[in-house]
Amino acid sequence: MTDILPEYAYKGAASIRLDAIGFIWKESGTSCMHLPQTHAIILLWRLVLDYFKPNTQIITETNVPHAENISYFGDGTNEAHMVYQFSLPPLVLHALTVHNSRKLTEWAKTIGKVSDQATYFNFLASHDGIGMRPTEGILSEEEKQLLVEKVLQNGGRVSYKTNTDGSRSVYELNINYFDALMNREPMSRKNGKFKKCLRPMR
């Protein structure tokens, strides 16, 4: 890979996406996610590209909770130039589903400037569906379940992950983003519970 990346850059690749990079290093007895060796590899690749092909961007793609995701900025100058903003798609979907942007706004207030050399890759739709792990600590289980029910109602599917205790949690909503946005039966939050709205989404 250290040979391949500069080759891509020399052939004109201005931005190189490191897909699911958190899994690159495997070690028995660990989760094999976000290991120090993984960050060391990205540090090396950043040094190589900065030296041989300056201005080539590294973009990391890690569908994980927000704090884990932004660890790939390193110190803001030595790892990824851009990190996929995975919390944005589900939080926008939630805001447009419940007609309330409070959760989205509260989260957005925590997003500050990274550095002069790094920033976020903001997106909504992707080939992977809508990752739900990035909403951990942001949306409640009830709020997540509302999105699950909406996606199923709109013809989508749901992927789950098995936790270490044997339980399952929502991993991804597998649906076209435009289909996910469609509010057949709009919902609102009232008295701590979600209820159907009479007002259609326009």
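**Exercise 1.** Where does H34 lie?

*Solution.* Start with the setting. This is a predicted model, where local features need pLDDT of at least 70, side-chain atom pairs count only at pLDDT 80 or more, and totals for chains, interfaces and linings use all residues. Residues are numbered from 1 along each chain as its sequence is written, and side-chain values use heavy atoms, with hydrogens and water left out.

Now place the residue. H34 sits in the loop between strand 1 and helix 2. Helices (H or I, at least four residues) and strands (E, at least two) are DSSP runs, numbered from the N terminus. Next, check the backbone. H34 is not a glycine, yet its phi is positive, about 60 degrees. Most residues other than glycine have a negative phi.

**Exercise 2.** Find C32 and decide: is C32 buried or exposed?

*Solution.* Locate C32 in the loop between strand 1 (15-19) and helix 2 (36-52). Its phi is also positive, near 60 degrees. Then apply the cut-offs: buried means under 20% relative accessible area, exposed over 50%, partly exposed in between (1.4 Å probe, protein chains only). C32 has 16%, so C32 is buried.

**Exercise 3.** Trace the pairing partners of strand 7 (residues 168-174).

*Solution.* Use the rule that two strands pair if DSSP finds at least two bridges between them. Take strand 5 (residues 130-131): two bridges join it to strand 7, antiparallel. Here I130 partners L173. Take strand 6 (residues 157-162): six bridges link it to strand 7, again antiparallel. Y160 faces V170. Finish at the turn. Strands 6 and 7 form a hairpin with five residues between them, and G166 there has a positive phi of about 95 degrees.
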